[in-house]
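Let's take a friendly walk through a protein chain together.

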Amino acid sequence: MMKRIIIILLILPLLTSCNNLNMLFKELKKEPHTEYVSLSFPLIHLMKLFLNDENGKIIKKIKSIKVLDMEKCTDNSLELLKKKTSKLKGYEMLLTVNEEGENIVKVLAKLKKEKIKELVVVVADDAKKECSLIQIKANLSMEDINKFINNDMKKQTSKKKKHNDSKRV
């Protein structure tokens, strides 16, 4: 009996943080001017057909993606997003972007054995009244993230070069 109580006490915070994020999505997607998209594994798996081999291998490791975007969020929605995401348990802060003393963007990760199991991106811009919440469930290494970014950088550089070459002609 004591073992069960200890196990429940250990698992409860994990369930609560996941539940808080799901509840936040559910609550915010009802707001006006809100767009919500949820992509499951089969649809994400199809995306790899349109990517190069390297990015396709990385995409296969993503289980689901949820995106909530509020073009004109209310002050209440903005505060709710900030408050609820600041209380998420079990996440590590990977990145913050500050503008004029305000945390505009936060990237949080849930890690397990050096693998990113979940990424959460929070955008809360008071000045522009914009809110976004992105949740990516995956099994990614930091190496996967670096490869994906590097592949994208190469692609952007290649596009710029082609654009500049076409201007010369």
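What follows is a short tour, from the whole chain down to single residues.

## How to read this model

This is a predicted model, in which local features need pLDDT of at least 70 and side-chain atom pairs count only at pLDDT 80 or more, while totals for chains, interfaces and linings use all residues. Residues are numbered from 1 along each chain as its sequence is written, and side-chain values use heavy atoms, with hydrogens and water left out.

The score pLDDT is the predictor's confidence in each residue, from 0 to 100. Its mean over the chain is 78, and 76% of the residues reach 70 or more. Where is confidence lowest, and where is it highest? The lowest is in helix α1 (residues 2-28), at a mean of 62, and the highest is in strand β2 (residues 62-70), at 91. Over residues 14-18 the pLDDT is below 50, and beyond near neighbours in sequence this stretch has 6 contacts in the model; a contact means heavy atoms within 4.5 Å. Where pLDDT is low, the predicted coordinates should not be read in detail.

## The overall plan

The chain has 5 helices and 6 strands. Here helices (H or I, at least four residues) and strands (E, at least two) are DSSP runs, numbered from the N terminus. Read from the N terminus on, the order of elements is α-β-α-α-β-α-β-β-β-β-α.

Buried residues make up 30% of the 169 residues in the chain. Buried means under 20% relative accessible area, exposed means over 50%, and partly exposed lies in between (1.4 Å probe, protein chains only). Among contacts between residues at least 6 apart in sequence, 58% join residues at least 24 apart.

## Two nonpolar cores

A nonpolar core is a set of buried Ala, Val, Leu, Ile, Met, Phe, Trp, Tyr and Cys residues joined through side-chain atoms within 4.5 Å. The largest one has 18 residues, and those with the most contacts inside it are Leu21, Leu28, Leu81, Val120 and Leu133. At least two residues of this core come from each of α1, β2, α4 (75-86), β5 and β6. Which element gives the most? That is α1, with 4 residues.

Take Leu81 as an example: leaving aside its neighbours within four places in sequence, Leu81 is in contact with residues including Leu24, Leu28, Val122, Cys131 and Leu133. A second, separate core has 15 residues, among them Ile44, Ile58, Ile65 and Val105.

Strands β5 (residues 115-125) and β6 run antiparallel and are joined by 9 bridges; two strands pair if DSSP finds at least two bridges between them. Val122 stands opposite Leu133 in β6. The two strands form a hairpin with 4 residues between them, and Lys129 in the turn has a positive phi of about 55°.

Now look at the loop between β4 (102-112) and β5, where Lys113 lies. Lys113 has a positive phi of about 50° although it is not a glycine. Glu114 is found in the loop between β4 and β5 too, and its phi, near 60°, is also positive in a residue other than glycine. Are these residues buried or exposed? Lys113 is exposed because its relative accessible area is 77%, and Glu114 counts as exposed at 74%.

Gln135 lies in strand β6 (residues 130-140) and is buried, with a relative accessible area of 1%. Its side chain makes a polar contact with the side chain of Glu118 (2.8 Å).

Lys66 lies in strand β2 and counts as buried at 18% relative accessibility. A polar contact of 2.9 Å joins the side chains of Lys66 and Asn22. Lys66 and Tyr36 are 30 residues apart along the chain, and their C-alpha atoms are separated by 7.4 Å. Finally, Thr34 is in strand β1 (residues 34-39) and counts as buried at 19%; its side chain reaches the backbone oxygen of Glu31 at 2.8 Å.

Technical notes:
Polar contact = N/O pair within 3.5 Å; in protein donor to acceptor, adjacent residues only side chain to side chain.
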